[in-house]
Amino acid sequence: MHGVLITNGFFWSTKFDELGDMLVCSANERGVNITKMENTGCLVDTGLMSVPGFRGRPDFVIMWDKDVLLAEFLEKQGIPVFNSSRAIAICDDKRKTHLELMSHGLPMPRTIFAPMTYDNIGFTNLVFLNRVADRLGFPLVVKEAFGSFGQQVHLVHDKKELYALFGKNTKGKEIGEPILQSNQVLFQEYIKSSKGNDVRIQVVGGDVIGAMYRHSETDFRANVSIGGEPELYEPDDDEMWLAKQAAHAVGADFCGVDLLFGEEGMIVCEVNSNAHFKSLLQATGVNTADEIINHIVRVCNRR
């Protein structure tokens, strides 16, 4: 069995490279060969029905990237892609994630989307922010729809801070450059009971393989990449059910589901299709790479 692991050719970090190496190592230990490729080396070419830059036809592709169109291009040739283009697209856009969670009746923070505007126009009228504030109250959380590692997430305490994210005062006058880097934004109620605390549950092939509790004493976000501390966590049956349902809702073969401590029980914060798993390994001893490769082999053998 031979697969391809695709990463992004424009973004590199030691963390990403290590995760890719862990997947390749896990595959090799199971007699599966994996070729690492960057998306810059396998351009989508609608006149070429193959994997550009790869000899022959791979048995599967692992998209360790968010190149949705490349994933869809490969799927249309009948190549199994993990995760699917649909799952990547849903998880990458936090708004789409919450639409899927809503449609499956899963608990989550109340979430409001900023209305669509055009990149060359921006938000010329911010009156909708008053409606957001009236519905969610303060403090509230503002997120850019696309972002990882807890970045592009802001806790605002009043209308002045809310408007300032958009580079304006409460009367709509410009006061400087916008803090937000995108026009694709969502607003969420602040779950005070989960301040600086959450749970990451890793799901592979519909099963929970491990979980960690993350906590921060200095930030309302618990992400390890910005200082959160991970430790082993034993989820109960309800928490495992919720994580598995969230993974099913977005259609992910593997993902990290982030749960918040709501006042009436756990609620889903985010679902990450390409969740980093080194911290989980350190906290639990579970190697997610092994579980991902085992799942892919099972699926491919059933085809």
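**Close-up 1. Met102 and its surface patch in the predicted model**. Met102 counts as exposed because its relative accessibility is 51%, and the cut-off for exposed is over 50%. The residue lies in helix H4, which spans residues 94-103. Together with Leu99 and Phe113, Met102 forms a nonpolar patch on the surface. The accessible area of these three residues together is about 270 Å².

**Close-up 2. The largest nonpolar core**. This core has 24 residues, and Val257, Val268 and Val271 are those with the most contacts inside it. Two or more residues each come from helix H3 (85-92), strand E9 (197-204), strand E10 (207-215), helix H7 (237-250), strand E12 (254-262) and strand E13 (265-272). H7 gives the largest share, 6 residues. A second, separate core has 23 residues, among them Leu5, Leu19, Leu23 and Val24.

**Close-up 3. Surroundings of Val257**. Neighbours within four places in sequence are left aside in this view. Val257 is then in contact with Val199, Arg200, Ile201 and Val203, with Ala243, Ala246 and Ala247, and with Val268, Glu270 and Val271. Of these partners, Val268 and Val271 are also named, with Val257, as having the most contacts inside the largest core.

**Close-up 4. The open sheet of E2, E1, E3 and E4**. The 4 strands follow the order E2-E1-E3-E4, with parallel pairing. Strand E2 (33-38) and strand E4 (81-82) are the edge strands, each pairing on one side only. Strand E3, residues 60-63, pairs with E4 over 2 bridges in the parallel sense. Ile62 stands opposite Phe82, a residue of E4.

Technical notes. Residues numbered from 1 in each chain as written. Predicted model: local features only at pLDDT ≥ 70, side-chain atom pairs only at ≥ 80, totals over all residues. Heavy atoms only, no water. Patch = residues over 30% accessible without salt bridge, like charges linked within 9 Å, V, L, I, M, F, W, Y side chains within 5 Å. Areas by Shrake-Rupley, 256 points an atom, 1.4 Å probe, with all protein chains shown as cover. Salt bridge = Lys/Arg side-chain N within 4 Å of Asp/Glu carboxyl O. Buried < 20%, exposed > 50% of the residue type's maximum accessible area, 1.4 Å probe, protein only. Core = buried A, V, L, I, M, F, W, Y, C linked by side-chain atoms within 4.5 Å. Contact = heavy atoms within 4.5 Å. Pairing = 2+ DSSP bridges.
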